[in-house]
Amino acid sequence: MPARALPALRPVRRLAWPIAALALCTGAVAQDPEAEHTLAARVQAFLIERAADEGDEVEVEVFPSAASLPPCTAPEPFSPTPGQRVHGRVTVGVRCDGEPRHVRYLQAEVRINGRYLAAARDIAAGEIVTADALHERRGELSALPRDIVRTAEEIVGHQAQRQLAADTPLQTHQFRSVPLIERGQRVIVEARGERFHVRREGTALEPGGRGERVRVRFGKDEIVHAEVVDAGLLAIAF
């Protein structure tokens, strides 16, 4: 399948709040519709902010609680699970009335749409990936694996660990970096700052590919961590 360029997209943020569901949800008692609407809007804004960098379009649907609860004034949403992924069905905690003890939990559905990369042709095992082997597709990112490749920079220059058929959505674990530094190799380390640029020669203590951090020893005792930028060249930024 030939590679196809996608048109430029403008970021879109859509809110999907089933207002009618507040009154129609079986067992729900909306004592203050305005307060319930404010609560839902706060939860939506919280989730959209957290998911804003993950795609071109974010849709959030908040489900009203089926329990009979008093109005939640001054709602403050929070994530009850540190590191929780913000897509699919999620739970959001809400502190009410500015009181840490007044907490309720709501369910929401988050759908994230955006671009990702697929193989433009068959990629052989061991092949070094080039830009012409990739093409962009668009879909629901929240339904794809967590390590889906979003940009060419993530894998161009890396080596495919197995054969990948054309149109396969690509994942970062399917590739490995090509070592540009070998253990025991004499390397150059550049240290750059706003007003200085220093180059030193040292010995790599481990292999590394582009973008990876490896240890480099200077003399007998001095060891630093530097990022691999090219064959035999590492950098430290200040």
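Here is a guided walk through the structure, from the whole chain to a few of its side chains. The model is predicted, so local features need pLDDT of at least 70 and side-chain atom pairs count only at pLDDT 80 or more, while totals for chains, interfaces and linings use all residues. Residues are numbered from 1 along each chain as its sequence is written, and side-chain values use heavy atoms, with hydrogens and water left out.

Let us begin with the overall picture. The protein has two helices and 15 strands; these are DSSP runs numbered from the N terminus, with helices being H or I of at least four residues and strands being E of at least two. Of its 238 residues, 36% are buried (under 20% relative accessible area, with exposed meaning over 50% and partly exposed in between, for a 1.4 Å probe and protein chains only). The protein exposes about 13700 Å², and carbon and sulfur atoms supply 51% of that area (by the Shrake-Rupley method with a 1.4 Å probe; for residues, only the protein chains shown count as cover). Among contacts (heavy atoms within 4.5 Å) with a separation of 6 or more, 56% join residues 24 or more positions apart.

Now turn to Phe 78. Searching the whole structure gives one aromatic pair. Its members are Phe 78 and Tyr 105, whose ring centres are 6.4 Å apart and whose planes meet at 70°, so the pair is edge-to-face (centres of Phe, Tyr or six-membered Trp rings within 6.5 Å; planes under 30 degrees apart are stacked, over 60 edge-to-face, the rest tilted). Because Phe 78 belongs to strand β3 (residues 76-78) and Tyr 105 to strand β5 (residues 103-119), the pair ties together parts 27 residues apart in sequence. Phe 78 is buried at 15% relative accessible area, and Arg 95 lies over its face, 4.0 Å from the ring centre (a charge sits over a ring if NZ of Lys or CZ of Arg is within 6 Å of the ring centre and within 35 degrees of the ring normal).

Finally, look at His 158, in the loop between β6 (134-140) and β7 (159-160). With a relative accessible area of 17%, His 158 is buried. Leaving aside residues up to four places away in sequence, His 158 touches Glu 127, Ile 128, Val 129, Phe 175, Arg 176, Ser 177 and Val 178.
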